[in-house]
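Please read the notes below alongside the sequence and the structure.

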Amino acid sequence: MLSARSVFQEILDHDESYRLFCSIAASGEAQGGWENGRIAALVPGSLRALAPKIARHGADEDKHGRLFNALLRKRGLDPVPVPEATDYTALLERRGIGLAHDKLRRDEPLTERDIVVYLAHSRVTEQRAAEQMDLLKRYFGEHPQIGRAIRMIAQDEENHLAYCHEELLRLAEQGHGPVIRRTLRDCARVEIEVHRDVSLAVMAHMGRILGWSRARSAVLAAGIRAVYAYERLGGRRRMVTLRLPERRDALGGPATSAPEFV
């Protein structure tokens, strides 16, 4: 039976596809950690209260990268280079999503608008991350090898999404609403295109590793394009709405560690 669960199971059961999966995940999380760390260091004085939460976000992403690398080590595998077409974070940056890396490498304070845009972009991408980790938790939350790490990362992603909702609502009350709404719409439109392209590229690589037939690959590609069509027609609204989260001050404390993995 061709289902999301069976596809993920096949990827996890094969060393080379598992190696690629964890390498892609670790690379993206490490990149997010660096970006958030730099943003925390460059927050303007008027928004300094946000700096510890942004730093916590970055520390969580760093932890996730270490977790995925630790999962590889536990299986006796080394990371592999991430194919360019599967690099979600790099492709988003190339399309103007996220603060430009050349700006983050400078030691110049960011503007309030930069932080508003960063949070709006994060709200969209964290929606995707939370949904993907929730799916993995549903299927593999009790898996003996990866279950604990999946549950830990899923919890963090839910916190990140709650933090984005809460902070954007607070900034909207301070007069940033028009910029937030426009940025959310623009970011969601680009994100669903990048997610489609990356998903197709990842599935193509997995298909070659696992020896999928053309028919099977075509069915999976059609499913990815169907999700994109749904999101383009209106499914992306879930990425642009804001609501007060049940978890308040979700990033208000220190980052949790994962000593059992790293």
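Predicted model: local features only at pLDDT ≥ 70, side-chain atom pairs only at ≥ 80, totals over all residues.

## Second largest pocket

The second largest pocket is lined by Glu158, Leu161, Ala162, His165, Arg243, Pro245, Glu246 and Arg247.

**Pocket volume and lining**

- The space in the second largest pocket amounts to about 180 Å³.
- Sorted by class, the lining of the second largest pocket comprises 3 nonpolar, 1 polar and 4 charged residues.

**Helix H7 with helix H8**

- Helix H7, which covers residues 147–210, packs with helix H8, residues 214–235, at an angle of about 175 degrees, and the axes of the two helices are 10 Å apart.
- Because angles over 145 degrees count as roughly antiparallel, H7 is roughly antiparallel to H8.
- On the H7 side the contact is made by Ile192, Glu193, Arg196, Ser199, Leu200 and Met203, while H8 contributes Leu220, Ala221, Ile224, Arg225, Tyr228, Glu231 and Arg232.
- The contact of H7 with H8 has, by class, 7 nonpolar, 1 polar and 5 charged residues.

**Helix H7 with helix H2**

- Helix H2, residues 15–42, has an axis that comes within 13 Å of the axis of H7, and the two cross at roughly 155 degrees.
- With that angle, H2 is therefore roughly antiparallel to H7.
- The crossing in which H2 passes H7 is right-handed.
- From H2, the residues Glu16, Ser17, Leu20, Phe21, Ile24 and Glu29 meet Glu157, Val202, His205, Met206, Ile209 and Leu210 of H7.
- By class, the residues in the contact of H2 with H7 divide into 7 nonpolar, 2 polar and 3 charged.

**Helix H7 with helix H1**

- Helix H1, residues 4–13, packs with H7 at an angle of about 60 degrees, with the two axes 11 Å apart.
- H1 and H7 are therefore oblique to each other, and H1 passes H7 in a left-handed crossing.
- Val7, Glu10 and Ile11 are the residues of H1 that meet Met203, Met206 and Leu210 in H7.
- The contact of H1 with H7 includes 5 nonpolar residues and 1 charged residue, with no polar residues.

- Thr89 is found in helix H4, which covers residues 88–94.
- Between Thr89 and Ser27 there are 62 residues of separation in sequence, and in space the two are 9.0 Å apart from C-alpha to C-alpha.
- When neighbours within four places in sequence are left aside, Thr89 is in contact with Gly28 and Gln31.

Terms used:
Residues numbered from 1 in each chain as written. Heavy atoms only, no water. Axes fitted to C-alpha atoms, helices over the stretch in contact; angles between N-to-C directions. Helix = DSSP H or I, 4+ residues; strand = E, 2+ residues; numbered from the N terminus. Parallel < 35°, antiparallel > 145°, perpendicular 65-115°, else oblique. Left-handed = near helix turned anticlockwise from the far one by under 90°. Contact = heavy atoms within 4.5 Å. Nonpolar A, V, L, I, M, F, W, Y, C, P; charged D, E, K, R; others polar. 1 Å grid on protein atoms, 1.4 Å probe; cavity = no way out; pocket = protein on both sides within 12 Å on 5 of 7 lines; lining within 4 Å. Points joined across faces, edges and corners; volume = space filled by probe spheres on them.
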